[in-house]
Amino acid sequence: MKMRQCLREHGIDVPDPGPGQDPRGMTLGGGADPQKTQEAMKACGMGGPGSGKEPTQEEKDQELTWIRCMRENGVALKDPEYNGGMKSATEIPKGQEKAFEEAQKKCETAR
């Protein structure tokens, strides 16, 4: 939440996570100036797009294990995409918010 607040203070639209949404993932609001976004991310300690450290294969495997667990518990999550150290946000399918919360309780040990 501190990271979101910092980005907002630097003029970037960053909504709070919705109910059942993984707070570790972040989606920036549309229409943001890429240069301004990168400067805000650096100021907030994120390094900006393309300058982040690419996750290790072990970290990617752990994320996929969690995704598979969530699927086995009824939540249709997409595989994450990695681009220059940034990971795509985890999107909860519409209508599956309650199932996501329940599955997350069961799958948290996979992370």
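Hi everyone, this is a short walk through one predicted protein model, from its overall fold down to a few residues.

Some ground rules before we start. The model is predicted, so local features need pLDDT of at least 70 and side-chain atom pairs count only at pLDDT 80 or more, while totals for chains, interfaces and linings use all residues. Residues are numbered from 1 along each chain as its sequence is written, and side-chain values use heavy atoms, with hydrogens and water left out.

Let's take the overall picture. The protein has four helices and two strands; these are DSSP runs, helices being H or I of at least four residues and strands E of at least two, numbered from the N terminus. Along the sequence the order is α-α-α-β-β-α. Of the 111 residues, 28% are buried, where buried means under 20% relative accessible area, exposed means over 50%, and partly exposed is in between, using a 1.4 Å probe and protein chains only. The protein exposes about 7,200 Å², and carbon and sulfur atoms supply 50% of that; the areas come from the Shrake-Rupley method with a 1.4 Å probe. If we take contacts between residues at least 6 apart in sequence, 51% join residues at least 24 apart; contact here means heavy atoms within 4.5 Å.

Now, how do α3 and α4 pack? Helix α3, residues 57-72, meets α4 at an angle of about 130 degrees, and their axes are 9 Å apart. The axes are lines fitted to C-alpha atoms over the stretch in contact, with angles from 0 to 180 degrees between N-to-C directions. The two helices are therefore oblique to each other, since under 35 degrees counts as roughly parallel, over 145 as roughly antiparallel, 65 to 115 as roughly perpendicular, and the rest as oblique. On the α3 side the contact is made by W66, C69 and M70, and on the α4 side by F100, A103, Q104, K106 and C107.

Next, please find A40, in helix α2, residues 34-43. Is A40 buried or exposed? It counts as buried, because its relative accessibility is 2%. Beyond four places in sequence, A40 touches L7, H10 and I12.

R8, in helix α1 (residues 2-9), is 32 residues from A40 in sequence and 8.7 Å from it in space, C-alpha to C-alpha. At 31% relative accessibility, R8 counts as partly exposed. Setting aside neighbours within four places, R8 is in contact with V14, P15 and D16.

Last stop: Q96, in the loop between β2 (86-87) and α4 (97-107). Which backbone oxygen does the Q96 side chain reach? That of G74, at 2.9 Å. Leaving out neighbours within four places, Q96 contacts G74, V75 and A76.

Conventions. Polar contact = N/O pair within 3.5 Å; in protein donor to acceptor, adjacent residues only side chain to side chain.
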